[in-house]
Every structure is written in structure tokens, then in C-alpha cells.
Amino acid sequence: MTHHEQDHDMAITAGPKARAEQSTELSIQNRTLEMHLLQENLARAHMQDRLLEAEDQRLALRAMRVAKLRRKAERASLRARKVLAAAVL
């Protein structure tokens with residue numbers, strides 16, 4: 001017989017006082033489990049927020065790099081056109 005089965009059999013044969021104590025113990029265990037799960041959910045939500053924040057930062061840095069490279073390419077293109085115009089004249 002497993003421990004669970006023994007507990008179940010004991011609950012069936014136990015008197016009202018024993019059943020009340022078991023019920024109280026189960027309530028405490030349930031509240032403890034709920035508190036652990038709440039903490040776990042809060043930690044998971046916090047981690048998700050940090051991941052989203054990091055992704056936003058990566059996207060912002062990428063946009064800045066793209067803009068910088070675009071400006072650099074535009075300056076290089078302008079210099080090339082000036083050199084070409086000077087060579088033609």
C-alpha cells in the first residue's frame with residue numbers, strides 16, 4: 001500500500017478532529033504551494049520584461065548603426081560625385 005493510499009485510508013477512518021487537522025494541513029500546503037507559484041510567476045514575468053527590454057535595446061542600437069552607415073555611404077557617394085565631376089571638367 002502506498003503512502004497516499006495509507007493517508008486516504010486514515011482520512012476515511014479518522015474522526016472529525018483528525019479530519020479537521022488534515023484539512024488544515026492541506027490548506028497550509030496549498031497556500032504554501034500557491035505562494036511558491038506566485039513567486040515563480042513573478043520571477044518569470046520579471047525575466048520576460050528584461051528580455052523584452054534587452055531586445056528593444058538591441059533594435060535601437062541596430063537602428064542607430066544603420067543610420068550611421070547610411071550617412072557614411074551618403075558622404076562617400078557625394079565625395080565620389082565631386083571627384084567624378086572634377087575629372088570630367
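Me: Which residues form a nonpolar patch on the surface?
Reply: Met35, Leu38 and Leu42 form that patch, and together they have about 290 Å² of accessible area. A patch takes residues with over 30% relative accessible area and no salt bridge, joining like charges within 9 Å and nonpolar side chains (Val, Leu, Ile, Met, Phe, Trp, Tyr) within 5 Å. Accessible areas come from the Shrake-Rupley method with a 1.4 Å probe, and for residues only the protein chains shown count as cover.

Me: What should I know about the source?
Reply: This is a predicted model, with residues numbered from 1 along each chain as its sequence is written. Local features need pLDDT of at least 70, side-chain atom pairs count only at pLDDT 80 or more, totals for chains, interfaces and linings use all residues, and side-chain values use heavy atoms, with hydrogens and water left out.

Me: How many helices and strands does the protein have?
Reply: There are two helices and zero strands. These are DSSP runs numbered from the N terminus, with helices (H or I) of at least four residues and strands (E) of at least two.

Me: How much of the protein counts as buried?
Reply: Of its 89 residues, 1% are buried; buried means under 20% relative accessible area, exposed over 50%, and partly exposed in between (1.4 Å probe, protein chains only). The protein exposes about 8400 Å², of which carbon and sulfur atoms supply 62%.

Me: Which residue does Arg44 meet in a salt bridge?
Reply: Arg44 meets Glu40, at 2.9 Å from N to O. The two are four residues apart in helix α2, so about one helical turn separates them. Arg44 is partly exposed at 48% relative accessible area, and Glu40 is partly exposed at 41%.

Me: What about Arg58?
Reply: Arg58 forms a salt bridge with Glu55, with the closest N and O atoms 2.7 Å apart. Glu55 counts as partly exposed at 33% relative accessibility.

Me: Which residues form a positive surface patch?
Reply: Lys68, Arg71, Lys72, Arg75 and Arg79 form it. Arg79 sits in helix α2, which covers residues 16-88. Lys and Arg count as positive and Asp and Glu as negative, while His and the chain ends are not counted.

Definitions and conventions. Salt bridge = Lys/Arg side-chain N within 4 Å of Asp/Glu carboxyl O. Charge placed at Lys NZ, Arg CZ, Asp CG, Glu CD.
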